[in-house]
Amino acid sequence: MDILTFVSQLLRSGLGNLGAYLAAHVLLCLVPAFYIAGAMTALIPKETVTRFLGRNTPKFISYPAAALAGSVLAVCSCTIVPLFAGIYKKGAGLGPAITFLFFAPAGNLLALAYTGVVIGPDLAAARLFLSLAFGVGIGLIMALIFRRADAAHDQTTDAMFAGRGAMSRPALAFLLVLIALLIAGTLKVDLLTNAYAQLTLPIAGVDRFQEFLFNLAPFDASQGEEGITAQGALLIGLLALIGLTAWRGMENVLEGTNRWTLAALTLTGLTLLVAALGVTPQADGVILAVTGRFFAVALGLLALVAIARQIEPYACQEWLWESWRFVKQIFPLLVAGVFVVGVLRALIRPEWIEALAGTNSILGNLAGVLFGVFMYFPTLVEVPIANMFLGLGMHRGPLLAYLMADPELSLQSILIIATIIGRVKAWVYVGWVAVFSALAGLLYGAWVDGASAWLLGGYIAAVLGALALALYWFNRRNTRDLAARSAIIH
Amino acid sequence: MLTIKVLGSGCPSCKKVEAVTRRAIAGLGLEAEIIKVTDYAQITQYPILSTPALVIEEKVVCSGRLPSQAEITTWLTDALQTA
């Protein structure tokens, strides 16, 4: 009997977590984010960025370009490995390749948007900025350590990087409106959250329904949990409908659109609009608050429809397919992961986490990194896990250390990297990622505890500058050596 | 007979490329051999920066995107003429 109550309590905790993650604000972020990821894959020609990653590009361009490629081109792992191998073997070399590899999981728009909405914009910004700085840093360090091997590696032409491509103007506008839609859906400013009109729908019983939902999936507001509201239940229903229609409409969208495609798109728009409303169930009816967010989302959707007409139909079909592919690839694992996280949360005692990583200590940050390296979670699942740790009392510093290390390193990715750059380089890279993730956690934790952001930024800039100078100096010496040697031979 | 290779680690898009290629081949009434290359060591031998990639007679015709059936048909007829 006791075991039965225990299991049912675990299941309810899992369900509660699932409900909270499918709630309005998460949908307003994730749904557009998937469409944006699809648009970036389908509408941005890879050549717009890869042409800056050739062998003859100056280093001060190829490092930032590598980071840009990481965030824009590498939304999925089918791009990361070949691009990494290409930059390393035939392009700008080990340094930029490593920068690309490090920044790709962290600068990924899906991960950033999700982190920002679930945990907080400050942590998302820290994750972006610190992984950019440290991605370039690790790239520079690796280029320094292995500078001999790097100078010697094959001198083929960089024809692979010669291609030029440009985005069509409507495609660019389309992508920008999609991003605006994501921002309008998630930003918490008065202009968007204020209600400008109010409606009362005379539907009785919704409040009791919501009460029932709260009982079904209990939540603890003090731990930052949210229950499933009546609005949330409606949205979950809509989401299921989108899934069904998309299955029929998106799976073969490359061959042509059909009625199901249109239905899936209409339902998606509707979901975003419903999620943007403020819904308060009361005894005599439901109060609908028409927020600024609602107008912004409606405007964005209209603009998208207008612009989409100017884009080549096949490009639109590609966009829909890529978006659907991301959903298929990521969403089921995310849902399962969120449920499991909810179950785990009921099992882990807050005292354990607080003792280990409750403060911004070196030990706490290392614990965060170690957990990240040895655990492997599907894409995006690291975010609900991090949120669970936060709720259990983990300090935000070690939390960032974990969030940076987890998607970067898993046994599987280390093995793939090793086949391309060799075992020694791969393990040196892993070591540096561990060190820098812990460092990132410490720095961000110090900022949370009140240290000056300017001072910390200054330290980072100084270290990066020193590394760049050292690399420049060694490179000059190398070229001089080479020149001298060839002079002797001749 | 043409030798066609689809490069990719087995992600959904690679399967799409293979399916569209098969349709293009059937549309032309060709005889062709399709080889799926999933090993990264082999994939990186080709001058490509992203998968899925399509290789006809050892020549990369497209990479990093999903070609349409019409495009593939053109590449196939080109390959037939030069062969």
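Below is a short exchange on the cavities and cysteines of a predicted model.

User: What is the numbering, and which residues count in this predicted model?

Analyst: Residues run from 1 along each chain as its sequence is written, and chains are lettered from A in the order in which they are written. In this predicted model local features need pLDDT of at least 70, side-chain atom pairs count only at pLDDT 80 or more, totals for chains, interfaces and linings use all residues, and side-chain values use heavy atoms, without hydrogens or water.

User: Why is Cys62(B) called buried?

Analyst: Buried means under 20% relative accessible area, with a 1.4 Å probe and protein chains only. Cys62(B) has 5% relative accessibility, so Cys62(B) counts as buried.

User: What makes Cys14(B) count as buried?

Analyst: Its relative accessibility is 5%, so Cys14(B) is buried too.

User: What makes the lining of the largest cavity nonpolar?

Analyst: Ala, Val, Leu, Ile, Met, Phe, Trp, Tyr, Cys and Pro count as nonpolar, Asp, Glu, Lys and Arg as charged, and the others, Gly among them, as polar. The lining has eleven nonpolar, no polar and no charged residues. Among them are Leu18(A), Tyr114(A) and Phe331(A).

User: Which classes line the second largest cavity?

Analyst: Five nonpolar, two polar and two charged residues. Lys89(A), Lys90(A) and Thr44(B) are among the lining residues.

Note on methods
1 Å grid on protein atoms, 1.4 Å probe; cavity = no way out; pocket = protein on both sides within 12 Å on 5 of 7 lines; lining within 4 Å. Buried < 20%, exposed > 50% of the residue type's maximum accessible area, 1.4 Å probe, protein only.
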